[in-house]
Structures are given as structure tokens and as C-alpha cells.
Amino acid sequence: MKTKFWLSLGLLVCASSPLAQTPRSVSLDGVWQYQDANPPHDDRQRLTPNWRPLRVPANWYSAGVDHQGALWYRTTFTLPRLAHDRLATLTFDGVDYRTEAWLNQRFIGRHQGYFQRFQFDVTQAAQRENHLLVRVDSPFEPPGSVWPLHKRVIKGVLSQHDTRPGGAWSPQGQDANSGGIWQPVTLRLSRGAAIDNLTALPDWRQGLARPTLDIRLDYRVNRPRKARLILRLTPLNFTGKSYRLSRRVTLTGEAPLAVSLPMPGAALWWPYGHGAQHLYRIEATLSDAEGLLDRHTSQTGLRDVRELASGHGWTINGRRLFIRGTNYIGSPWLGSMTAPLYRRDLLLMRAANINAVRVHGHVAGQALYREADELGMLLWQDMPLQWGYDDSEAFAAEAARQAGDLLRQRGNHPSVIVWAGQNEPPFDSPWMKQRFTDWTPTLNRRLAQRVADTLSEDRTRIVHRWSTVAEHYWQGWYFGSVGDFLKPATTAIISEFGAQALPRLATLRTIIPAAKLWPASTSPDDPGWKVWQYHNFQPEQAFGLAKLSRGATIESFIANTQGYQAEGIQLAAESYRRQRYQPVAALFQFMFSETWPSINWAVIDYQRHPKAGYFALQRAYQPVLPSIEPLTLNWRPGESGKVGLWAINDRWQDYTAATLRWRVTQGEQELARGEMALDLPADSGRKLKELKLTPRTAQPLQVVTELTDSNGLRLGENRRQFSVGIP
């Protein structure tokens, strides 16, 4: 298919027209053509006439091509004759995973990495009629020798994870490859110079009222020249002060341009619920005596984020904020995630009182970060490193290079407050010793260190060097019992906790065939569970450690799993919120939404219907929470037990003359009722009262609490049910 993109502008551009002197970026998206590029079709000389249509951008699997390895892509487009001193730049916003490209049979460059934007200078190769050929390789990694402990592609959860098709460890664990040209492709014309990237980071050495914005321009130039750089910062979503900087520069192409722009009185960006999300538009222009060379726009917000010296707390613009988070993967095929879909998920999170999101084991599409900026959601951004990788120096250097790309290309987003390195690196994952004979206690230490050192170059964010198994609290699923959530935490950050749960029946029927909905037994070895396991369900943990009952029907099975997940989430979240800053400062439930037609740890199914766990998280994450502490775990009729009542306030607002009310019932009988006045300081939590209760029958105990302000308006409410056993 030929893309006549200049005609799409409504006119044919002549080289001598004023428009031809204006930087112009035009989309090459549309229907391209593809064919197999695996051996024996990997050589360009072996291309066949057998081309088929494939839309760009898209991951090839989500576009209907189930393929492992490499594909050839091609398209054609028309250009006007390039005027003197013009630059033509071909830009790919994201290709998974390795790229080689030819324009008019001339090799123009290669790239490695799935999430980065990259450019090729095609000035010398461009003609009026252009033929673009691209080889995209997303390799299948040989099991045993490479996969899963010595992976060579830096794709994190898109390559191997519990929530992928086939799961993490099965022979099908690399199914549904994520390869492809999954982000837009553009061709850009400029004069003499091209700005490829702009990174803007705040400097707070003069205080919150007098920030400076440190700006880096990555550019290319066709010959050294004198130029003028003009930077303009204007309010994007509010009315406020603008800022401008003009400076003479010498463009050589040997190093990025670095300038600092003082912004006294700049409006700060705040997380939602604590202030406005002030954003600035940045425009950078380069000009010489003949006029405009190139223009680049971006946006950012100014906020100061720090980790307290004790490690027990993070501050935003000088105010300590308790982190109520979740883990998130939008889809294994990121090209399918649009700005409206990301916004939908972020709004569902906000409705559940979540204020932070761990972008788990991958870098998402740019749309997620823009939406988070606008909605005031805080992001913990992982590097796409999950478990074990090649242990060579060359691989560590490549990972560090990609970490540098992450800093430059996602660094403008105020929503990103944490850079994090490798998730469960082998040297910090003793469970791998039991699974792999080639595990060593130092495996990937160099890799993790190199990546962490690169992330630490950004002084404006918290850097979590790697995610240790010690901060993954999987009580009740991989070890221990849900009651262990009541024990004291040992880490300030809890970056994973949760349990699996089935979706509603209507959703489950779209995942599991009707003939497979009721395996003969609960044994994990029952072949009836094979299809369930492919869709991520773990019968060994569900029926073994968690001891879940299926009941007599599929409906009861669903209810039992959802009830177990909800109970664990509420128990864990409330327990760790009661331990606020002693030591817990941040907790991230695992995980928010199912990424494909699967059965996993999410509280929202893949069709975005909530499970019971969603409402448990919503309740336990209320900013002002009247928490209920189970001091007695095994209740018996006629035997006394205790329940603790707490008031937790994550807001930066004091509530004087507040009131806590409680009511305890057993069936139709009321066992206790009361209220007490209290002052509830900002950013605080404390135990207020212990209730001594004696259940009379074997019916469940229901405890309901409520906090109201001095005007009687509800600040938060809570409820817990306790089973009463037969003596």
C-alpha cells in the first residue's frame, strides 16, 4: 500500500514553498505488508511475492498474526524533492524488540529495545518514491539453555511472567509473542538540525518557591552552525505565569544541549486529593540567521519527591504521604492499550482509593504516563527486568543503556516518582535454587548493580535499586497463612501481596470451555486443570496451601475464591496501615486488573468487572479509615475475645472533635454499641479502644465502625465479619 502522506495534508508541497521550510512530522501509520523473516527467509534476497496486510501500529499477535521470531514489514510513501539543507528523520515510537531498516535498499540503521523511541537519519536515502523495509525480531528464547534463567531480551513481564499466556514456567510460557511495530511511525522534515528528545527535571536547591528546570536537548545537526535556542514554558491546564529563555548556542552534534531555566513562583504538581495537577507545555526552538531549524514540544509538571533518611516514608512537595498502591500490567500486547483504556483503569483505581501504581516489570506506552500526569496518580516505574538474565558484562551494559533511555524518555512525567530496577533478581531469590540447577548466589548481581547505578543518575526521584523477595508478602498463597498478615512487617515497602480469585461466571465462561469448567478432582495433577493453568490459575496453591473449597457448584467455587482473596486483602492492607511508618511506608497490592482472558491475582477481571477483592481494597484503602483489628482469631460461643478499634488519617488535614461509632451484632442480637469523641491529627494513626466481646451462638460476629467529622459528615466506615466456631 502506498502512503501519499503529503496529499493527506490537502496539497502537494513544493520544495521552494514556505511550508517546505517548516518542520513537519507526518504519520506513516496504516496498512503495511508483512512476511516471515525467520530462516530461511531472513535474508532480504530471499523475499517472496507472498506479502500479506498488517496494520501498523500493532503487536502482531493482537493484529491476528501468531508468530515467534522475526517478520519483514514494508510500506511505500511519496516525498517532495528535498530542498538544500533539509534533514529527513524516520522515527519509530516503539518496536518490539530488534529493528533493522532499509530505505530504498540502503541500510539506515538498527535498534534494540521494545519501549524506546528511536530515529534514523534518512536524508541521503530518501527519494520522491520511497520503499521502506523493516525487519522486526522478537525472538523465541530456547528453553533450558537460555529461557527462563538466562534470558537475552529485556522485556520483563512481556517475555516471562505468571500472568502471560501459558504462565511463567510451562512449555507454553512464551506463547502469544508481543513483537511488532506497536507504536506510531513518522517521517519528519526539518532544516539543518533535528531535536530528537527533550528531558526536563526540576532542581529544588533554592526551595519549593524558586525551582529551576534543568533541560536537556538531544539533537542532530548536518553541519556545525551557530543558532539561537528559545525555550518557552506555558501553563497547559491552568492560568498562570509563563517562562522564557533565549540563548545563543553552537550546534556541533557532539553533546546534548543543557540549559537551566529559573521558574520562581511556579505552580506545583500534586497527587490527586492533595492539590491540583499543574502541567506546563514546553516548546524548544532552534533557529539561525535563515530562520527556523527545528521545533520540539513536550510537557511536564514540577514536584519534589524524596525518601526520608530513615527510609520509613516518602514526601511529596515537603509533605509525607502514605502510599496505598497496586501493581498493574495493562496488557501483554501494549499496542492495544489506548489513552482512553489507560484512563479507564486509572479512574477505577482512584475509585478504589489507590494513590500509587507500580508499573510492574515493564515500561508502558506513553499514553499511561500522560493520563497519570493529568489524573494525579503516582507511578512506581520498574525496569523491564523480571527474574534471570544473561550474566555477561555486555548484557549488563545493554540493560544500563536501556535504563538511560527510560530516564530520558519518561523523565518529564511528574507522576513518575520511583525508578526501580530488576524484579526478584536471582541473587536475591533463594527459591530459584530449588528450581534451577544452574542457579548461583551471585547470578545477575552485576546486571542489577549496573542498572541501579544508571537509574540513580536521576536525582529528582526515589530509586529502588531492585525489588527483593523480602518485600513480597505472599502469606496465604505461597507460604504461611492469611493470619500471618497480622504479624509485624519487616520492611518499609511491601511491593506485592495478594491471592488469586476467579472472575464472575459470565467472564469465566469466556475463558474456560464449558466441558472443562468442573475438573474431576482438586488434585493439581488432574488433567482437567491444564486449560485452567494455561490461563494462569494455580490449583496447587489454591487447594494446597490456601485450602480453598470448591463447594458443590461453580458458583460456590467462585464465591469461595473471591471471599478468600477479599479477606486476605482487607486483613493485610489494614494490618500494614496500622503499622504506618513502623515500619510500613508504602504497600502495593498484587495486582489490579487481569491482562488477558485469565484467572489471576487481579481484583478486576479482564472485562473490567470487579471481584469482591476490589471492594475490600476500596474499603481498606479509605484515606480516613476506622480500622478493625482482630485481636482474637478463633472465636467460640461463650468465650470472650477482643477487637481493637483504630483511627487512621492519611490526609494532610486535622479533624478536631471527630466521632468514632461502633456496633457489634450476631444475627439479630446486638452485642455492643458505643461512640467516643477524638481529635484526629493529619497524617496519623492510633489505637483508640479495645472491645471485649462474648459471642452467644455460632453465628458470625459483625463489627461496623464509622468516623465522622465535627459536622457529622462521614469520613470513613468499615465492617468486618468474624466466624464463630463450634467448641
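Biologist: Is R661 buried, partly exposed or exposed, and what is its relative accessible area?

Modeller: This is a predicted model, in which local features need pLDDT of at least 70 and side-chain atom pairs count only at pLDDT 80 or more, while totals for chains, interfaces and linings use all residues. Residues are numbered from 1 along each chain as its sequence is written, and side-chain values use heavy atoms, with hydrogens and water left out. Buried means under 20% relative accessible area, exposed over 50%, and partly exposed in between (1.4 Å probe, protein chains only). R661 is partly exposed, its relative accessible area being 30%.

Biologist: Which residue meets R661 in a salt bridge?

Modeller: A salt bridge is a side-chain nitrogen of Lys or Arg within 4 Å of a carboxyl oxygen of Asp or Glu. The partner's side chain meets that of R661 at 4.0 Å, N to O, and this partner is partly exposed at 21% relative accessibility. The residue is E706.

Biologist: How far apart are the closest N and O atoms of R232 and E283?

Modeller: R232 is partly exposed, with a relative accessible area of 32%, whereas E283 is buried at 15%. These two residues form a salt bridge, and their closest N and O atoms are apart by 3.3 Å.

Biologist: How many salt bridges does the count come to?

Modeller: One of them joins E670 to R663, with the closest N and O atoms 2.6 Å apart. E670 is partly exposed at 35%, and R663 is partly exposed at 38%. By the stated rule, the count comes to 49 salt bridges.
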